[in-house]
Amino acid sequence: SLKRRCFNIPKPVSAIQVHKGSLKMKPAPILATLLAACGIAPQTAQPQDFSALRVQVANTPDGSIITLTGLLNDSALGIRNVRISSDRQQQTARIIVQKKLASSQHTGQLNARFVLDHPVERIQFGADQQTIWTAD
């Protein structure tokens, strides 16, 4: 297109491109993968990333208190942040833990407490929303 020619913008290509019988890799997808693997870009933790992941829930008619504790299996990683979202109608809480390279500010110890303004029947964890707790 005219815009591509005027500004010398390359055409989008896939991560792997065959050129003159050889295999060439494009650096952008590789760089993104390396940054995530090195902990520079945050990664989302899964329940299996923790040893002794413990969930405690105290439900009352007015709300709930959720306490999460555990330790990341990989000692080279620390917890960057812990977020929660909830759905009052479905009485569900969803927790996302992001991990990165461990430092004095980011250890592998998970110790989080959340107060919600509604009771919960189910807690889901991670990007794939794996259920880690249900009410009896």
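Begin by selecting Asp49 and Lys99, which form a salt bridge whose closest N and O atoms are 3.0 Å apart; the term covers a side-chain nitrogen of Lys or Arg within 4 Å of a carboxyl oxygen of Asp or Glu. Asp49 lies in the loop between β3 (43-44) and β4, whereas Lys99 is in strand β7, so the pair ties together parts that are 50 residues apart in sequence. Both Asp49 and Lys99 are buried, where buried means under 20% relative accessible area, exposed means over 50%, and partly exposed is in between (1.4 Å probe, protein chains only).

Before going further, keep in mind that this is a predicted model, in which local features need pLDDT of at least 70 and side-chain atom pairs count only at pLDDT 80 or more, while totals for chains, interfaces and linings use all residues. Residues are numbered from 1 along each chain as its sequence is written, and side-chain values use heavy atoms, with hydrogens and water left out.

The structure holds 2 salt bridges, and the next selection is Arg88 with Asp117, whose closest N and O atoms are 3.1 Å apart. This pair links distant parts of the chain, with Arg88 in the loop between β6 and β7 and Asp117 in the loop between β8 and β9, 29 residues apart. Arg88 has 49% relative accessibility and therefore counts as partly exposed.

Now colour the whole chain by pLDDT, the predictor's confidence in each residue, from 0 to 100. The protein averages a pLDDT of 81, and 70% of the residues score at least 70.

Switch to a cartoon view, in which the protein has 2 helices and 10 strands; here helices (H or I, at least four residues) and strands (E, at least two) are DSSP runs, numbered from the N terminus. Read from the N terminus on, the elements run α-β-β-α-β-β-β-β-β-β-β-β. Among contacts between residues at least 6 apart in sequence, 59% join residues at least 24 apart.

Which residues have the most contacts inside the largest nonpolar core? Select Phe50, Ile66, Leu68, Ile95, Val97, Leu110 and Ile123, which have that place in a core of 19 residues. A nonpolar core is a set of buried Ala, Val, Leu, Ile, Met, Phe, Trp, Tyr and Cys residues joined through side-chain atoms within 4.5 Å. At least two residues of this core come from each of β4 (50-60), β5 (63-72), β6 (77-87), β7 (92-101), β8 (109-116) and β9, and β8 gives the most, with 4 residues. Centre the view on Ile123 and, not counting residues up to four places away in sequence, you will find that Ile123 touches Val55, Val57, Ile66, Ala93, Ile95, Gln130, Thr131, Ile132 and Trp133.

Next, show the rings of Phe50 and Phe125, which form an edge-to-face aromatic pair at 5.9 Å centre to centre, with 90° between the planes. Rings of Phe, Tyr and Trp (its six-membered ring) pair if their centres lie within 6.5 Å, and planes under 30 degrees apart count as stacked, over 60 as edge-to-face and the rest as tilted. Phe50 lies in strand β4 and Phe125 in strand β9, so the pair ties together parts that are 75 residues apart in sequence. Phe50 and Phe125 are both buried.

Move to Thr67 in strand β5, which is buried at a relative accessible area of 19%. Leaving aside neighbours within four places in sequence, Thr67 is in contact with Arg54, Val55, Gln56, Ala112 and Arg113.

The last stops concern backbone angles. Most residues other than glycine have a negative phi. Ala52, however, has a positive phi near 55°; Ala52 lies in strand β4 and counts as exposed at 68% relative accessibility. Finish at Gln91, whose phi is also positive, near 50°; Gln91 lies in the loop between β6 and β7 and, at 25% relative accessibility, counts as partly exposed.

Technical notes: Contact means heavy atoms within 4.5 Å.
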